[in-house]
Amino acid sequence: MQTKTTYSNRYIEIVQVMVKYGFQSWLVNSSISHLIPNKILDKHLEVSREPIEVRFRLAIEELGPTFIKLGQMLSNRADLIPIEYVKELKKLQDEVKQDDSFKVEEVIKEELGEEEFATFNKINDKPLGIASIGQTYAVERNGKPLVLKVRKPSASATVNEDLRIIRSILRIVVRSSRNIAKMDPLRLFDEFEITLKNELNYSIEKRNQEQFYSYFKNSKTTTAPTVIKELCTDKILCMEFADGTKMNDFIEKATEQQKEVISKNLVKSFFQQIIEYGFYHADPHPGNVFITKDLKLCFIDFGIVGHLLKEDTTVIGEFLEAFLSKNTDRVIHSIKRIALTHEITKENRKNLQYQLHDLFQFLDQDVSTIPWADFSEKVMTIMFGYNIKLPNYFVTLAKALALVLGTALEINPKMNLLKEIKPFILKYQMHFLTSKGQRELLLDLVYGIRDFKNFPADIKEIIALIKRGKIDVMITLEEAQPILDSFRNGINKLTIGIIIGCLLIASSSMAVAENATFINKFAIGGYVIAGILGLALTIDVFKDLFRDKPKRNR
């Protein structure tokens, strides 16, 4: 006996909106096809004549905040969806009206208790900010102005239900459309779901804001409001009132000198966040930045932040420096290192170089005359044309970076971005020359050598698998000797390379030793030996490169 599935009103509403905008082909042969009444198909024939990307955007707008956030996230994924969709989804605006039924006093009493609620002298009725998840209020407590961010009581249930339904429908759509399945939408949705659920939990935002404040508490360019810990829960975030004026309001009345300082501080602050700390504000639009009296940038709203690993920071720094230097070869090299997948080949590389060269022409124009829509479209064409799929961390960073650099150039069109960015990139790239960098490099070598000792055991394991017939190997005796010679040659070169690295690190440590003239002299010897070995290794490598390869008998 088949159990009848019960669908919520919201589920039925979402399915019917999809059908209204002509996406019934994704659902007709599925288990939910009975939710599609014929009268809806007949009623919206005119809507179905619109281009598919327009209908997709209209459906998302009608379905509300959760879908709008999903659409906004997709609008930044030119590496995954066609350009026409990206351009259309860029039009999405998250316009949320004030919820008059929302009783902020009741939430405060429930979360903090009657006794703590009594300490508030004043709670403004009109919110400072309105979002789909919560509303922000100006309050006074013991005579001190504070800001209270309060989550709507229904937000968690609404978002979780929408997420559950979207996942269910995505599974159906993936089975019915190969083109959509290629985009791996469920993996993308997993990332979106984590981000949105993190936004629901104000404890995570509190932690982010505290971490950001700790990094910049002594900074001359950057700050953030202090969190009032005892007044924070999963549903409430309390902080000091942001000191200053909203960026756009300040810029309207600012002098040219003030604009120059603010634009440079914005770029310096953001690159300090990504290069030095690997932790950055992921939504740094002007509405989330206040300008203090001493021209510091005060960031608010830490619901979305980005994290970077050290190795990712290095690659990103190299990419930015290459892009702003207009070096096509290095840009392509960086893209290959960053991308999850790409179709950049020897045959199409020259064509990509010309496309990048064309893109660089935009950088020679005055920022006020740059057609940003054309620039963005060319970037999207390159990404989609060469099937360049980027990791999520890079997409998040690219969006934040575009906001920061775009805002900075809008404030100060004459600013030389490369000049402002280069010190941070060089500082990170030269990190290995410091004593701390040398210790890290030495540890990496030690760990590499330690792992290398397992190599013979790995070879034995492979041989055992071959003996048991788990791996088939077809190799002749004639072919075996060159392979063994190459393997032995490679091992020897790797060993010499490790010795050179150890000699350089040890010599550098001895060279900077204080009050140790005798030890300093040993450093010179170490450099000489490392130089000789390095020269010999380089000559050997070049010999291999230009040596005639033996022809195979056919």
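**View 1. Helix α4 sits largely enclosed by the rest of the structure, because eight of its ten residues are buried.** Buried here means under 20% relative accessible area, with over 50% called exposed and anything in between partly exposed (1.4 Å probe, protein chains only). The buried set in α4 is Thr66, Phe67, Ile68, Lys69, Leu70, Gly71, Met73 and Leu74. Those residues pack against α1 (9-20), α3, α5 (83-89), α8 (155-176) and α10 (185-200), where contact means heavy atoms within 4.5 Å. Helices (H or I, at least four residues) and strands (E, at least two) are DSSP runs, numbered from the N terminus.

A word on the model itself: it is predicted, so local features need pLDDT of at least 70 and side-chain atom pairs count only at pLDDT 80 or more, while totals for chains, interfaces and linings use all residues. Residues are numbered from 1 along each chain as its sequence is written, and side-chain values use heavy atoms, with hydrogens and water left out.

**View 2. Helices α3 and α4 cross at about 140 degrees.** Helix α3 covers residues 52-63, helix α4 covers residues 65-74, and their axes are 6 Å apart. That angle makes α3 oblique to α4. On the α3 side the contact uses Phe56, Ile60, Glu61 and Leu63, and α4 answers with Pro65, Phe67, Ile68, Gly71 and Leu74. Axes are lines fitted to C-alpha atoms, for helices over the stretch in contact, and angles run from 0 to 180 degrees between N-to-C directions. As for the labels, under 35 degrees is roughly parallel, over 145 roughly antiparallel, 65 to 115 roughly perpendicular, and the rest oblique. Glu61 also turns up in a network of salt bridges with Arg57, Glu88 and Lys91.

**View 3. Arg141 and Glu116 form a salt bridge, with the closest N and O atoms 2.7 Å apart.** The pair links distant parts of the chain: Arg141 is in strand β3 (residues 134-141) and Glu116 in helix α7 (residues 114-117), 25 residues apart. Arg141 counts as buried at 16% relative accessibility, whereas Glu116 counts as partly exposed at 21%. A salt bridge is a side-chain nitrogen of Lys or Arg within 4 Å of a carboxyl oxygen of Asp or Glu. The structure holds 25 of them.

**View 4. Tyr137, in strand β3, is buried at 3% relative accessibility.** Skip residues up to four places away in sequence, and Tyr137 touches Phe102, Val104, Asn124, Asp125, Lys126, Pro127, Leu128, Leu146, Val147 and Leu148. Take Lys126 from that set: eleven residues away along the chain, its C-alpha is 7.2 Å from that of Tyr137.

**View 5. Glu318 and Arg337 meet through their side chains in a salt bridge (2.7 Å, N to O).** Glu318 lies in helix α14 (residues 310-324) and Arg337 in helix α15 (residues 328-338), so the pair ties together parts that are 19 residues apart in sequence. Both ends are partly exposed, Glu318 at 24% relative accessibility and Arg337 at 44%.

View 6. An α-helix has 3.6 residues a turn, so residues three or four places apart point the same way. Glu210 is partly exposed, with a relative accessible area of 24%.

**View 7. Gln272 is a buried residue of helix α13 (residues 256-277).** Its relative accessibility is 17%. Leaving aside neighbours within four places in sequence, Gln272 is in contact with Phe216, Tyr277 and Phe424.

**View 8. Ile524, Val528 and Ile532 make a nonpolar surface patch of about 300 Å².** Val528 is found in helix α23 (residues 517-546) and is partly exposed, with a relative accessible area of 45%. Patches are made of residues with over 30% relative accessible area and no salt bridge, joining like charges within 9 Å and nonpolar side chains (Val, Leu, Ile, Met, Phe, Trp, Tyr) within 5 Å. Accessible areas come from the Shrake-Rupley method with a 1.4 Å probe, and for residues only the protein chains shown count as cover.
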